[in-house]
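Hi,

Here is the structure I promised to pass on, with some notes to read alongside it. Please have a look at it first, and then see what I found below.

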Amino acid sequence: MTSSQAQDLCTACGMCCDGTMFGAVPVEEHERSRLSAIFDLETTDGTTTFRQPCPQNQCHRCQVYDLRPSSCRGYRCLTLKALDAGEIDIDEGARRIAEVLKAREAVRAMMLPGETLTAARLRRKDLAADASRLPAATGFILALTALDLLLDRYVREQDLQMFKAGVS
Ligand code: SF4
Ligand code: SF4
């Protein structure tokens, strides 16, 4: 895979910046002062983050590319790692990302106005515990869970997976 093929895949995707995969991006201590001019930083239990969807993500392009935090700089999703290792070719990489994006669009059609995926995941938890939920709510739970299973399979590393193997 060439670097331009990886760039094309990321430009068509953008899921690690738009809130599909992460609710927040961690910031290193030495980056805090520099990044506080760009992001609304929050510190909880000694960990500093900014929330996703990232405000610097415009049409799948980072508006602060040269200034982006180290956690963005070094990030490679499972599909990019599989491409780097030669385990899959670029067509399979594109197919995987397209499959996840299709599932994400199905979920988006069921989200509330202005709702983020982080908020949608919290709503799923509440709806799953509600025995009187309507059939449409069950459809939403299933669609979001299908998306999370695809993200775990093709994109998120094991320590970030929502449905880790062997965890009930
Ligand atoms: S999820 Fe993977 S392919 Fe998509 S933008 Fe992030 S690194 Fe690129
Ligand atoms: S700073 Fe750039 S690379 Fe990092 S999450 Fe925002 S848009 Fe993505």
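The shell around ligand 2 has seven nonpolar, three polar and no charged residues (Ala, Val, Leu, Ile, Met, Phe, Trp, Tyr, Cys and Pro count as nonpolar, Asp, Glu, Lys and Arg as charged, and the others, Gly among them, as polar). Those residues are Cys-17, Phe-39, Gln-52, Cys-54, Gln-56, Asn-57, Cys-62, Val-64, Pro-69 and Cys-72, where being around a ligand means having a heavy atom within 4 Å of it. The space that ligand 2 takes is the largest pocket. A pocket here is an open set of points on a 1 Å grid over the protein atoms alone, where a 1.4 Å probe fits and protein lies on both sides within 12 Å along at least five of seven lines; a molecule sits in it if more than half of its atoms lie within 2 Å of its grid points.

Before going on, two notes on conventions. This is a predicted model, in which local features need pLDDT of at least 70 and side-chain atom pairs count only at pLDDT 80 or more, while totals for chains, interfaces and linings use all residues. Residues are numbered from 1 along each chain as its sequence is written, chains are lettered from A and ligands numbered from 1 in the order in which they are written, and side-chain values use heavy atoms, with hydrogens and water left out.

One residue of that shell, Gln-56, is in the loop between strand 3 (47-51) and strand 4 (57-58); helices (H or I, at least four residues) and strands (E, at least two) are DSSP runs, numbered from the N terminus. Gln-56 has a relative accessible area of 16%, so it counts as buried (buried is under 20%, exposed over 50%, partly exposed in between, with a 1.4 Å probe and protein chains only). Setting aside residues up to four places away in sequence, Gln-56 touches Ile-38, Phe-39, Arg-61, Cys-62, Gln-63 and Val-64, a contact being heavy atoms within 4.5 Å.

Now to ligand 1, which sits in the largest pocket. Around ligand 1 are Cys-10, Cys-13, Gly-14, Cys-16, Met-21, Cys-77, Leu-80, Ile-97 and Val-155; by class, eight are nonpolar, one is polar and none is charged. Leu-80 comes within 7.2 Å of Ala-6, C-alpha to C-alpha, though 74 residues separate the two in sequence. Ala-6 lies in helix 1 and is buried at 8% relative accessibility.

Thr-79, in helix 4 (residues 78-84), is buried with a relative accessible area of 0%. Beyond its neighbours within four places in sequence, Thr-79 is in contact with Leu-9, Ile-88, Gly-93, Arg-96, Ile-97 and Tyr-154.

Finally, the salt bridges. There are 17 in the structure, each being a side-chain nitrogen of Lys or Arg within 4 Å of a carboxyl oxygen of Asp or Glu. In one of them, Arg-104 pairs with Asp-18, with the closest N and O atoms 2.7 Å apart. This pair links distant parts of the chain, 86 residues apart: Arg-104 is in helix 5 (residues 90-108), and Asp-18 is in the loop between helix 1 (3-13) and strand 1 (24-27). Arg-104 is buried at 5%, and Asp-18 is buried at 12%.

Arg-32 and Glu-29 also form a salt bridge, with closest N and O atoms 3.8 Å apart. Here Arg-32 is partly exposed at 32%, whereas Glu-29 is exposed at 60%. Asp-152 and Arg-156 form another, at 2.9 Å, and both residues are buried. Salt bridges that share partners join Arg-121, Arg-124, Asp-148, Asp-152 and Arg-156 into one network.

Best wishes

Technical notes: On a 1 Å grid over the protein atoms alone, a cavity is a set of points where a 1.4 Å probe fits but cannot get out, and a pocket is an open set with protein on both sides within 12 Å along at least five of seven lines; lining residues have an atom within 4 Å of a point.
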